[in-house]
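Hi,

Here is the structure I promised to pass on.

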Amino acid sequence: MWHALIALFGLVFLVNAQPLARANDLYYTAITPVSDETRYTTLNPNAELKEFNKVKHSKGNIVFTSGERITGDRLIVNHYDDESFTTTADIEVGMKYPSSSSTGATLTCIEIYVDMSADDAGAYMINGGIGKANAEILLTCNQTRTYVYETYFYGY
Ligand SMILES: *[C@@H]1O[C@H](CO)[C@@H](O)[C@H](O)[C@H]1NC(C)=O
């Protein structure tokens with residue numbers, strides 16, 4: 001009886017805990033070590049990279065933003081990943097919203113919180129962005145042992 005009740009509560013909790021965000025709407029690569037031969041800008045020399053607004057909060061801690069929250073928008077995507085390496089590595093992460101050919105929400109704001117052992121990192125819009133229903137993003141960091149990021153996409 002109790003087991004059944006606990007199982008039921010557990011199930012209700014799980015269902016209720018489903019966030020509004022649909023992380024599966026986001027395609028993303030692993031935090032991938034790159035070399036000068038394999039980095040995005042080498043493979044895509046004609047790509048136009050637009051830098052995100054960048055605020056350094058403390059050593060190894062950066063918040064990248066594009067756009068602003070507006071009344072009535074909501075969290076569309078929340079995604080987190082982390083990686084550490086035995087020696088320092090140059091890394092990249094690629095993200096694409098939406099993941100498939102389905103129509104995405106109109107994006108109002110994208111926030112990316114990054115934490116790493118290196119001093120600096122980059123975040124770039126490659127395609128789409130604020131006011132559009134798609135976004136392609138590149139995250140970079142050179143000579144780092146650790147890299148952690150969390151992204152929030154807001155839209156309507
Ligand atoms: C990382 O290194 C590459 C190649 O030296 C350079 O082009 C790029 O600007 C660096 N990225 C950052 C975020 O410092």
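Gly67 has Cys109, in E7, as its bridge partner. Gly67 belongs to strand E5 (residues 61-67), which runs antiparallel to E7 (residues 107-116) with seven bridges between them. On pairing, the rule is that DSSP finds at least two bridges between two strands. E7 also runs antiparallel to strand E9 (residues 135-155), this time through nine bridges. There, Cys109 sits opposite Tyr154 of E9.

Before you read on: this is a predicted model, where local features need pLDDT of at least 70 and side-chain atom pairs count only at pLDDT 80 or more, while totals for chains, interfaces and linings use all residues. Residues are numbered from 1 along each chain as its sequence is written.

Overall, the protein chain has two helices and nine strands, in the order α-β-β-α-β-β-β-β-β-β-β from the N terminus. Both are DSSP runs numbered from the N terminus: helices are H or I with at least four residues, strands E with at least two. Of its 156 residues, 24% are buried, i.e. 20 or more other C-beta atoms lie within 10 Å of the residue's own, with C-beta atoms placed from the backbone.

Cheers

Definitions and conventions:
Buried ≥ 20, exposed ≤ 12 C-beta atoms within 10 Å, placed from the backbone.
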